[in-house]
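Here is a short briefing for a first look at this structure. It covers a surface patch, a pocket and the salt bridges.

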Amino acid sequence: MMEKYSVFDCTILELDRHHSDRKGNLSVVENGVNLPFDVKRVYYIYDVPGGESRGAHAHKALEQLIVAASGSFTVTLDDGIHKRNVFLNRPYQGLYVKPGMWRDLADFSSGAVAMVLASEAYQKEDYIRDYNDFLKYKKNH
Ligand code: T46
């Protein structure tokens, strides 16, 4: 059976910042170096109209790193018992989301880009999109 995680197991990973005096910064995420999973997929969310939110689902097995590559937004995590809001606004910080978390992304600033690194290919079956189904699922997982 899959391990049961809480919202407090979802941590902020600090990425290296390679600073070049006149040419800006560069941050790196590398499989096997500074990420607890291997990346199989990258997607990014952008042009979110003011007041709109994304997410509103959980994943059974997927692990993700969510980075505010530009701008800011708030991720609300919910493990069925506890909720936690995490404000992301630094391209060198990533929120590591463990499996079994309900997530909402909201309060996108103008120009915000949510870059997401994912441990698996896109699989519809891994999603739980109904909150009551999620609560039932969490009783057994
Ligand atoms: C998550 C949050 C943070 C694909 O075809 N392939 C993909 O890899 C993804 C992620 C999405 N899609 C399609 C499926 C939908 O027709 O793109 C459309 C929008 O997806 P969704 O409604 O799931 O988007 P969000 O922003 O609500 O959720 C996404 C991820 O799906 C989810 O894993 O954790 O971002």
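Val 42, Tyr 44 and Tyr 46 make a nonpolar surface patch of about 340 Å². The model is predicted: local features need pLDDT of at least 70, side-chain atom pairs count only at pLDDT 80 or more, and totals for chains, interfaces and linings use all residues. Residues are numbered from 1 along each chain as its sequence is written, and side-chain values use heavy atoms, with hydrogens and water left out.

**Surface patch**
- Patch residues have over 30% relative accessible area and no salt bridge; nonpolar side chains (Val, Leu, Ile, Met, Phe, Trp, Tyr) are joined within 5 Å, like charges within 9 Å.
- Areas come from the Shrake-Rupley method with a 1.4 Å probe, and for residues only the protein chains shown count as cover.
- Tyr 46 belongs to strand S4, residues 41–46. Strands (E, at least two residues) and helices (H or I, at least four) are DSSP runs, numbered from the N terminus.
- Tyr 46 counts as partly exposed because its relative accessibility is 46%. Buried means under 20%, exposed over 50%, and partly exposed in between (1.4 Å probe, protein chains only).

**Largest pocket**
- The largest pocket has a volume of about 240 Å³. A pocket is an open set of points on a 1 Å grid over the protein atoms alone, where a 1.4 Å probe fits, with protein on both sides within 12 Å along at least five of seven lines; lining residues have an atom within 4 Å of a point. Grid points are joined across faces, edges and corners, and the volume is the space filled by probe spheres set on them.
- Its lining has 15 residues, and Tyr 43, Ile 45, Gly 55, His 57 and Tyr 127 lie nearest the centre.
- S4, S5 (54–59), S6 (64–70) and S10 (102–106) each supply at least two lining residues. S5 gives the most, with four.

**Salt bridges**
- A salt bridge needs a side-chain nitrogen of Lys or Arg within 4 Å of a carboxyl oxygen of Asp or Glu. The count is two.
- Glu 120 pairs with Lys 40, with the closest N and O atoms 3.2 Å apart. This pair links distant parts of the chain, 80 residues apart.
- Glu 120 is partly exposed at 29% relative accessible area, whereas Lys 40 is exposed at 59%.
- Lys 136 pairs with Asp 133, with the closest N and O atoms 3.9 Å apart. They are separated by about one helical turn because they sit three residues apart in helix H1 (residues 131–140).
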